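Hi everyone, thanks for making time.

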Amino acid sequence: MQILFGNLAIFVLALLVGVEVISKIPSTLHTPMMSGANAIHGVVIAGAVVTASLANSPTGYILTFIAGAFAAANVFGGYAVTDRILKMFMRPKAVEPADETKTSKDAS
Amino acid sequence: MTDFEFVVGLIYLLSASLFVVGLHMMRAPATARNGNRISAVGMIIAVAATVALSLVTSGGEWIAWAVLAVGVLLGGIFGVYRARTVKMTDVPQLVSVFNAVGGSAAAAIAFAAFILATSSNPLDLTVSIPIVLDVLIGSITFSGSLIAAGKLQGVIPGNPVTFPGSRALNAVVALIALGASVAAIILPENTLLLVVVLVTALILGVLMVLAIGGADAPVVVSLLNALTGLAVAMAGFAIDNQALIIAGALVGAAGTILTLQMAKAMNRSVLSIILGGFGTGEIAASAGPADEELANVRSLTTDDVAIQLAYAQHVLIVPGYGLAAAQAQHEVAELASLLIAHHVDVKYAIHPVAGRMPGHMNVLLAEANVPYEQMLQLDEANTAFDNCDVALVIGANDVCNPNARTPGNAVSGMPILNADHAKSVVVIKRSMRPGYAGIPNPLFTDPKTGMLFADAKEALNDITVGVKEYVSA
């Protein structure tokens, strides 16, 4: 019971922190935020590790395999695609408009 | 609690803090990428600590570790390969697939904990309840997310799939799932009951998402994201792992907020979306523009549009999913940067549901090198429309339908982009066909609106050529 209470308290407080932090993210960045959060639930791979350490039957091995493979796809893919999206939001913007201005002066 | 367990607990606390800091840094594009990396560091130390703890406390069989290693390797390769190669228009599908695998990994963990405990000592209620909830939620998320991904990819029809008695069937399946869940909690030695929960939950996920229309994709993807977070948190309760509980709760919160915001952006309740049926039956009956409306439409040529844009001071572009579907993000960005180079103020007015997932349109524009500063959110954009010479609407419809301001129709009350407040409006669209809501848009017949009936990509190219002539003349 004591363990459950501790975990429930952590769960509720983490939910509230999540609401607080995430409400401040502008809608422009919602896609990378969502795929970033998606990567965070890839922490389920830690659960797959625990499952592996306890598995002692063929069913246990199968479940370990499913948990490990799916969680790994989630966590590696999630972080990789979020990084790819965010890289686009950080592209140097000075380069191209500067060139354009130059050509426009030439044209006029 | 041993000293070692205490240290692992501290590491979990650190990694949870890094997750929160990482998410916090996603508030601004300048810090967002590092935020994601910080979150990844939190992930690495949490997993490393778990591996160390598992080896020390239980050791485990080598065969199980080998199976895990092979699984992680295969899954990791698949995940990274898809992440590197996915087209930005297809990101919502990929996020759905990640939701599916995350949810089912959580369900598999709970299932393993269940069969393990029955063979040794009976399960305590504090463990059996989260296990059953995890299998239930995780399975719904798995099948539901795969169907959602299929719909987004176009493999499964995007319109709501319903059949006579489909709601009754849903109710029956849901009742069986609930009944089996309660039974599995009370009788935790019976694996068959948990299998029934698993199977009925899988069916429920399929039925639920099949009945939801394509226009509601942003809500569905967000909702499934929240459910995955919840499933992961439940797995944390089942195996007493705080890293899973905290991370799951954070994701649950993120998904819930996005679900509510998306539903609000369409002025629909989450419940009515889940029950499905948008754009079917009752609404579709009023579809199609009347003849007298078509007579009022003013058609433009690309040349007309080019003149208007070249001599405007303030231009707002309203991109809709039609723009992305035509893969014309690069063309619109090229036109915008040409205009900006000639001292026209160009910004993008982006509605929250313009893409297939929250914030999707921003990603598509960022891919085409549109600077973050040029993307206006709904409120900023609506202020800007009052001082705007030309509103250029491309492939968007319902999100700028002024009917939303009057009660009694399918889009009533939906927050819209006030494109009709601009001095003039240009709409690039293939036809007068109504949007998802299935009702005509009076913006198209407004006297100050000109319609350019064309494919977005070709039209934008032609306009760019035209603008170049006018500005160099």
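**Two chains and how they meet**

Let's start where the chains touch: 86 residues of chain A are in contact with 102 residues of chain B. By contact I mean that the C-beta atoms of two residues, placed from the backbone, lie within 7 Å. Before I go on, some housekeeping: this is a predicted model, where local features need pLDDT of at least 70 and side-chain atom pairs count only at pLDDT 80 or more, while totals for chains, interfaces and linings use all residues. Residues are numbered from 1 along each chain as its sequence is written, and chains are lettered from A and ligands numbered from 1 in the order in which they are written.

Chain A has 5 helices and 0 strands. Helices here are DSSP runs of H or I with at least four residues, strands are runs of E with at least two, and both are numbered from the N terminus. Of the 108 residues in chain A, 59% are buried. That word has a cut-off: a residue is buried if 20 or more other C-beta atoms lie within 10 Å of its own, exposed if 12 or fewer, and partly exposed in between, with C-beta atoms placed from the backbone.

Over to chain B, with 18 helices and 6 strands. The C-alpha trace of chain B spans about 85 × 50 × 35 Å along its principal axes, and buried residues make up 57% of its 473 residues. If you take the contacts in chain B between residues at least 6 apart in sequence, 79% of them join residues at least 24 apart.

**Domains in chain B**

Chain B splits into domain 1 (1–85), domain 2 (90–281) and domain 3 (291–472), with bounds from an automatic or database domain assignment. Taken over C-alpha atoms, the centres of domain 2 and domain 3 of chain B are 37 Å apart. Their contact takes 16 residues from domain 2 of chain B and 14 residues from domain 3 of chain B. On the domain 2 side, helix H4 (91–119), helix H8 (217–238) and helix H9 (242–265) of chain B give two or more residues. That side divides into 12 nonpolar, 4 polar and no charged residues.

As for B:Ala110, leaving out residues up to four places away in sequence, its contacts include B:Ile131, B:Val135 and B:Met234.

Now a helix pair: the axes of helix H5 (residues 125–153) and helix H7 (residues 191–210) of chain B come within 7 Å and cross at roughly 35 degrees. Axes are lines fitted to C-alpha atoms, for helices over the stretch in contact, and angles run from 0 to 180 degrees between N-to-C directions. The residues of this contact divide into 17 nonpolar, 5 polar and no charged.

**A few loop residues**

Is B:Asn267 buried or partly exposed? With 14 C-beta neighbours inside 10 Å, B:Asn267 counts as partly exposed. It lies in the loop between H9 and H10 of chain B, and its phi is near 50 degrees, a positive value in a residue other than glycine.

B:Arg268 has its place in the loop between H9 and helix H10 (270–275) of chain B. B:Arg268 is partly exposed, because 19 other C-beta atoms lie within 10 Å. Finally, B:Arg268 and B:Met414 are 146 residues apart in sequence and 8.1 Å apart in space, C-alpha to C-alpha.

Note on methods
Nonpolar A, V, L, I, M, F, W, Y, C, P; charged D, E, K, R; others polar.
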